[in-house]
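Me: Hi! Could you walk me through this model, one topic at a time?

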Amino acid sequence: MTLDNLLAITPYPAVSAVLWLVLAAGVLYLARASAHKVIITVCQAMHDVLRLAAQSFHAAEQRLSERNREVLLAAGREAKERIIEREFDRVADSVHRDLSGYPALQRTLSESIARIEEDHQQAVDVPPDPPGWVKAVDAIAKIDARKDGAVAEVLADIHESLIKAQDKALAEYRNASRERHELLRRMMPHWRRIQQTLHRVNKNVESLLDRSRSIDRHIDEYREIVQGTERALQVLSSSSLVQFFVSALVLSVAVGGAAINFSLIARPMAEMVGGTVFIGGFRTAEIAALVIIMVEISMGLFLMESLRITRLFPVIGALPDKLRVRMVAVTFVILLLLASVEAGLAYMREILMQDELATAELLRGGEPIAQSDYVWITTAAQMGMGFTLPFALVFVAIPLETFVHSLRTVLGLCGIGLLRTVHLVLRLLGNLFLHAGNALVRLYDIPIFMPLWIESAYRKRDAAQRTAADRVADQYAEIAS
């Protein structure tokens, strides 16, 4: 039924419209109670459903937070245990190295001190003994020589002899002083040796003290991690995010290096395995080049695991030392062979490119291109890159391990954020449905405001009549009593 048909029930469309509006208002007024119940019930049901869903997501967020907390604490404990273990190994190596040299050091110090004491005893300044005839000379010098000329001559001879003896004693004293100075000069190397030895001992002791303070700090952090404090969780979370982004940056650089390596060997591989052979829509030469690069990265991972630098494969780290050393040698030899192969492929690529340029020039009808004298620089650079890049890709294992370990924490944090957002949105939608029910009830009453107003007026008048009747009944009751 169209609008024109609806307005054609009377000869006047306006009258028909008014009749339809009155009829609709009457229907809405009669169905008002049921409609209100339906609106409130539907909105309340949606609110309850969304609330249950929000509680489910909140519970999932709590479980994921607890799981992420356990992962963070476990990763932090493992990292701190590795750091503390390494610090103890360094302290043990330092103590073993220094203590093993302490007997020789003590012997050196004792010998130096003994030499110094010996030289010091020899360098003691002993005053010369006065000659025994000094008293006799003194007694003779008191004789009065003015009365006897012979005595005067004897005294003159004695005076001359005394001057000679004095000069001789002075010369001997000077020789003794020179010898003492020579002994003191000989003591200087021993003093310097003792000073250098004590300086080396002091340096070793300070190094041990620094490492002990570092161990104490790591032990305190390890204790906080074991206790699961909020500070430890915040530090581990921020550290995981930093490690994730840094390792991702290094891995992106490594991917760039692998791409360059791929471009170096893909072209000559096409000459070896055929450039027109495809496997699953991909060229066989490109797949072969990619496989070589993947094998190099795998050998790098095994080499790092064998050296116990990374711990992605606990089975390799648990191997006996003798077997690990053999594994290191085998992986290094394989890497060396692959690097040599890549250097040869890089050389072959340069030759192929020169041949292609010469062929293209001949096909254009030009003169053959003369080979440059400096073409060896390009060839050597490509060969060097082809030989170096496989060994550079070995170190991808370190950022890869950090990326894998930090990825769990980052994914957990992202999942927690997503669940928290969904929980908030569901709670907002639930409250929105709850308030929307009240709003729809009010909107439902707007078209039927006239019947509602009449109903309200009728109820007020009825209530007033009942009140008046009750008041009259009360008055009659008072009169009757």
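Reply: Happy to; we can start with confidence and then go through surface, charges and rings.

Me: Great. What should I know about how it was made and counted?
Reply: This is a predicted model, in which local features need pLDDT of at least 70 and side-chain atom pairs count only at pLDDT 80 or more, while totals for chains, interfaces and linings use all residues. Residues are numbered from 1 along each chain as its sequence is written, and side-chain values use heavy atoms, with hydrogens and water left out.

Me: What pLDDT does the protein average?
Reply: The average is 84, and 92% of the residues score at least 70. For reference, pLDDT is the predictor's confidence in each residue, from 0 to 100.

Me: And where is confidence lowest and highest?
Reply: Helix α5 (residues 134-141) is lowest at a mean of 65, and helix α12 (residues 397-445) is highest at 92. Helices here are DSSP runs (H or I, at least four residues), numbered from the N terminus.

Me: OK, Lys80. Is that one buried or exposed?
Reply: Lys80 is buried, with a relative accessible area of 14%. Buried means under 20%, exposed over 50%, and partly exposed in between, with a 1.4 Å probe and protein chains only. Lys80 belongs to helix α3 (residues 32-100).

Me: Which residues does Lys80 touch?
Reply: Leaving out residues up to four places away in sequence, Lys80 touches His218, Glu221, Tyr222 and Ile225. A contact means heavy atoms within 4.5 Å.

Me: Switching to charges: how many salt bridges are there?
Reply: The count comes to 17, taking a salt bridge as a side-chain nitrogen of Lys or Arg within 4 Å of a carboxyl oxygen of Asp or Glu.

Me: Can you show me some in helix α6?
Reply: Arg213 and Asp210 meet at 2.3 Å, N to O, and both lie in helix α6 (residues 149-227), three residues apart, about one turn of the helix. Arg223 pairs with Asp220, with the closest N and O atoms 2.9 Å apart; these two also lie in helix α6, three residues apart. Arg223 is partly exposed at 43%, and Asp220 is partly exposed at 40%.

Me: What about Glu271 and Arg267?
Reply: Their side chains form a salt bridge at 2.9 Å, N to O. Both sit in helix α7 (residues 230-273), four residues apart. Glu271 is partly exposed at 43%, and Arg267 is partly exposed at 28%.

Me: Which residues are linked in a network of salt bridges?
Reply: Glu87, Arg90 and Arg211 are linked that way.

Me: Now rings. How many aromatic pairs does the structure hold?
Reply: It holds five. Rings of Phe, Tyr and Trp (its six-membered ring) pair if their centres lie within 6.5 Å; planes under 30 degrees apart count as stacked, over 60 as edge-to-face and the rest as tilted.

Me: Why is the pair of Phe387 and Phe391 called tilted?
Reply: Their ring centres are 5.6 Å apart and their planes are at 55°, so the pair is tilted. Phe387 and Phe391 are four residues apart in helix α11 (residues 375-392), separated by about one helical turn. Elsewhere, ring pairs link Phe244, Phe245 and Phe403 into a cluster.

Me: Last one: what's up with Arg308?
Reply: Its phi is near 60°, a positive value in a residue other than glycine. Arg308 is in the loop between α8 (284-306) and α9 (314-317), and is partly exposed at 44%.
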